[in-house]
Amino acid sequence: MVKLNKIYTRTGDAGTTGLGTGGRVAKHDVRIEAYGTVDETNAVLGLVRLHLGDAQAGIDEILGRIQNDLFDLGADLCVPDHGEELSYEPLRVSDSQVERLEHEIDKLNAELQPLNSFILPGGSPASAYLHLARTVSRRAERRMTELAADDKEPVSDAALKYINRLSDLLFVIGRYTNEKGASDILWVPGANR
């Protein structure tokens, strides 16, 4: 269990931050960028949830689970698996969390009409914020894959799959909250030439 008694510690004043392993890295380290961007995705989902109506309680429930999962993902990234002995079992994203996202994508997407064009972010406020969350999660994925490309910086397969599926689910939910796609704004290639 996390216990936060003191919010400031002064340990980061010199530009470093602590990992869950006890090691310290620069605040601009790719690992910190990765889980910081995961946290940013979570914050945008908080904005989405402010714009959901009572009729979208099921979507709110899904997004609440995702917000919790994103803290799991941040915890996973905060404790790189370098094989060292830790005094605790680190929290890791699981394949079952990825499978749940896939199930939710399939279930919601089955209620949407197929797309014949890309869509522009917008329609409803919730949908616009979902597209923002989707793009931020894609940035988190880019940071995570950059980190994983370094042989000395492990990132679990489940964590990489989770962030990839998440952006897909956020796209589908963005359409779903736009009256199941009826309020989507379609891209018209070259419309303003």
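Trainee: Is the crossing in which α2 passes α3 left-handed or right-handed?

Mentor: Happy to start there, bearing in mind that this is a predicted model. Where α2 passes α3, the crossing is left-handed.

Trainee: Which residues of α3 make that contact?

Mentor: Let's take the two sides in turn. On α2, the contact involves Ile-59, Ile-62, Arg-65, Ile-66, Asp-69 and Asp-72. Facing them on α3 are Gln-97, Arg-100, Leu-101, Glu-104 and Leu-108.

Trainee: How many charged residues does the contact of α2 with α3 have?

Mentor: Sorting by class, five residues are nonpolar and one is polar. The charged residues number five.

Trainee: How is α2 oriented relative to α3 (residues 95-109)?

Mentor: The axes of α2 and α3 are 12 Å apart and the helices pack at an angle of about 155°. Angles over 145 degrees count as roughly antiparallel. Therefore α2 is, relative to α3, roughly antiparallel.

Trainee: Now α5, please: at what angle do the axes of α2 and α5 cross?

Mentor: Look at residues 57-78 for α2 and residues 157-176 for α5. Their axes come within 12 Å and cross at roughly 155°. That angle makes α2 and α5 roughly antiparallel. The crossing is left-handed, and its angle is roughly 155°.

Trainee: How many nonpolar residues are in the contact of α2 with α5?

Mentor: Residues of α2 including Leu-63, Leu-70 and Leu-73 meet residues of α5 including Tyr-162, Leu-166 and Ile-173. Of the contact residues, two are charged and none polar. The nonpolar ones number 14.

Definitions and conventions
Residues numbered from 1 in each chain as written. Predicted model: local features only at pLDDT ≥ 70, side-chain atom pairs only at ≥ 80, totals over all residues. Heavy atoms only, no water. Axes fitted to C-alpha atoms, helices over the stretch in contact; angles between N-to-C directions. Helix = DSSP H or I, 4+ residues; strand = E, 2+ residues; numbered from the N terminus. Parallel < 35°, antiparallel > 145°, perpendicular 65-115°, else oblique. Left-handed = near helix turned anticlockwise from the far one by under 90°. Contact = heavy atoms within 4.5 Å. Nonpolar A, V, L, I, M, F, W, Y, C, P; charged D, E, K, R; others polar.
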